[in-house]
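Here's a quick look at one model, with the strands and a couple of loop residues in focus. Have the sequence and the 3D view open as you read.

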Amino acid sequence: VAHLQREGIAQGVHQVGDVMRDAFDFNLELASSQATILQRLQLSAKDYSLVTVHRAESTDDRQAFAGIVDALLQLAQPAQMLVFPAHPRTAGILSQQLAGGIPAQLKVIAPVPYLDMLALELGAKTILTDSGGVQKEASWVGVPCVTLRNETEWVETVSAGHNYLAGTTTAKILQGFAWAQQRGT
């Protein structure tokens, strides 16, 4: 509203809220009571980190994707499970990059419905993502988020201390993960 007023547009402008937040709030209770994804994957809340990578800027740029995958491989240790609902295109690129096999602690699964995704977000200790929507939802559920991009449309999540803008280099992602682990304790 303030931006529009500065541009001389004030008449007919109404601030009505955030449709994404309304949908999130409506579905969060359903996810908490109906989603069975944690049981199906044999996960306990706060015993895993959630990963999503789907943007072309992350997957089609070999250097960016290599930095992300290298960080995930370093993070996927016996004490740290990473759950990665992967778009089929992303899963294919990942399989090519990790032709020798995907470690057990990097649990790559098929994409999940919205209620399951909300349940995974709610139960995660940390979220690593290139998704704008997941960044916002992580902030709303109070889970530290590491953004696997060089910029974000949701700068308020960074300024509020909920989101670490890591980019796609391995070192920065690992720094972001360390930051998130401290935030989550």
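## A loop residue to start with

K46 is partly exposed, its relative accessible area coming out at 41%. Keep in mind that this is a predicted model. As for where to find K46, look in the loop between α3 and β1. Its backbone is worth a glance too: the phi of K46 sits near 70°, which is a positive value in a residue other than glycine.

## Another one in that loop

Q42 also belongs to the loop between α3 (37–40) and β1 (48–52). Is Q42 buried or exposed? With a relative accessible area of 74%, Q42 is over the 50% cut-off, so it counts as exposed. Here again phi is positive in a residue other than glycine, with Q42 near 55°.

## The sheet

Now for the strands. Six of them make up an open sheet, and if you walk across it the order reads β3-β2-β1-β4-β5-β6, with parallel pairing. At the edges you'll find β3 (106–109) and β6 (163–165); each has a single partner strand, so one side of each is left without a neighbour in the sheet. Going from one strand to the next, the twist averages 20°.

## Zooming in on one pair

Take β4 and β5. Strand β4 covers residues 126–129 and strand β5 covers residues 145–147, and the two pair in the parallel sense over three bridges. Which residue in β5 does I127 stand opposite? That would be C145.

Technical notes: Residues numbered from 1 in each chain as written. Predicted model: local features only at pLDDT ≥ 70, side-chain atom pairs only at ≥ 80, totals over all residues. Heavy atoms only, no water. Pairing = 2+ DSSP bridges. Helix = DSSP H or I, 4+ residues; strand = E, 2+ residues; numbered from the N terminus. Axes fitted to C-alpha atoms, helices over the stretch in contact; angles between N-to-C directions. Buried < 20%, exposed > 50% of the residue type's maximum accessible area, 1.4 Å probe, protein only.
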